[in-house]
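Please keep the sequence and the 3D view open as you read.

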Amino acid sequence: MEKKDTTFAVIGCGQFGGSVVEELARQGADVIAIDNNEEVIKKYVNIATQAIILDSTDEEALRSIGIRNIDHVIVGIGQNIQASILTALLLKEIGVNKVTVKVVNDYHKKVILKIGADSVIQPEKDTGKRLAHQMLSDFVLDYLVLSDNYSIVELLAAGPIVGQTLIDLNIPQRFGINIAAIKRRDNIVVPQANTEVKEGDVLLVIGENKDISEFDHWLLNS
């Protein structure tokens, strides 16, 4: 199975948008960083696939960079609600398949949804990382940052692990991560060596980000 959405663009690379760009890039995704501030965009020249200075409220400027061909555009514009709304409106009118918008209040959220944005998010800094992981994988349901290097992730059990016991999978030794618990319907299963992974299980995985990513990529490509 391939990753969800092969190309991304982030418009507005402040604290939230910048964290989305960094995490998508770290995960190996094609991501374009867009901002109207030259000093801001300089930070992402060596991080993003492309870093573009652009006024996202200018329809012709958006069309000129082929924004319609991007699978998923994230609008991370900060407190300028007017610019955020106009950008989202233009993106949907141009024909971008999926648009996610950072919103700052309930009014902003209501307007954004009315003009046809696909989803909204009211973030703190680490939410950018959570969003990036959810967009990159069919299996990541939630992502909690513990530190710069460690996280807890909820992963949907699928593919090669369904029907196997934990001792057979040997996940700690193979990937360096641990399954702390299994959510099965309305129950929490404390995993034992002979616990069998069933379809629909949600695995609560803890470990280093690089090891969790390796395990997730293995699931995606198996």
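Arg184 and Asp201 are both buried, where buried means under 20% relative accessible area, exposed means over 50%, and partly exposed lies in between (1.4 Å probe, protein chains only). The two residues form a salt bridge, with the closest N and O atoms 2.7 Å apart. The model is predicted: local features need pLDDT of at least 70, side-chain atom pairs count only at pLDDT 80 or more, and totals for chains, interfaces and linings use all residues. Residues are numbered from 1 along each chain as its sequence is written, and side-chain values use heavy atoms, with hydrogens and water left out.

**Salt bridges**

- A salt bridge here is a side-chain nitrogen of Lys or Arg within 4 Å of a carboxyl oxygen of Asp or Glu. By this rule the count is 7 salt bridges.
- Arg184 with Asp201 is a link between distant parts of the chain. Arg184 is in strand β9 (residues 178-184), and Asp201 is in the loop between β10 (187-189) and β11 (202-208), 17 residues apart.
- Helices (H or I, at least four residues) and strands (E, at least two) are DSSP runs, numbered from the N terminus.
- Arg26 forms a salt bridge with Glu23, and their closest N and O atoms are 2.8 Å apart. Both sit in helix α1 (residues 15-26), 3 residues apart, so about one helical turn separates them.
- Glu23 counts as buried because its relative accessibility is 5%. Arg26 has a relative accessible area of 43%, so Arg26 is partly exposed.
- Glu59 forms a salt bridge with Arg63, with 3.0 Å between the closest N and O atoms. Both lie in helix α3 (residues 59-64), 4 residues apart, about one turn of the helix.
- Glu59 is partly exposed at 29% relative accessibility. Arg63 is partly exposed at 40%.

**Aromatic pairs**

- Rings of Phe, Tyr and Trp (its six-membered ring) pair if their centres lie within 6.5 Å; planes under 30 degrees apart count as stacked, over 60 as edge-to-face, and the rest as tilted. The count by this rule is 3 aromatic pairs.
- Phe175 and Phe215 pair edge-to-face, 5.1 Å centre to centre, with 65° between the planes. Phe175 lies in helix α8 (residues 171-175) and Phe215 in helix α9 (residues 209-221), so the pair ties together parts 40 residues apart in sequence.
- Phe175 and Phe215 are both buried.
- Phe175 and Trp218 form a tilted pair, 5.3 Å centre to centre, with 45° between the planes. This pair also joins helix α8 to helix α9, with its residues 43 apart.
- Phe175 has a relative accessible area of 7%. Trp218 counts as partly exposed because its relative accessibility is 24%.
- Phe175, Phe215 and Trp218 make up one aromatic cluster.

**Charge over a ring**

- The charged end of Arg174 sits over the ring of Trp218, 4.8 Å from the ring centre. The rule asks for NZ of Lys or CZ of Arg within 6 Å of the ring centre and within 35 degrees of the ring normal.

**Around Thr165**

- Thr165 lies in the loop between β8 (150-156) and α7 (166-169). Thr165 is buried, at 17% relative accessible area.
- Thr165 touches Ala193, Asn194, Thr195 and Glu196, leaving aside residues up to four places away in sequence. Contact means heavy atoms within 4.5 Å.
- Thr165 and Glu196 are 31 residues apart along the chain, yet their C-alpha atoms are separated by 4.1 Å.
- The side chains of Thr165 and Asp168 are joined by a polar contact of 2.9 Å. A polar contact is a pair of N or O atoms within 3.5 Å; within protein, one must be able to donate a hydrogen and the other to accept it, and residues adjacent in sequence count only if both atoms are side-chain atoms.
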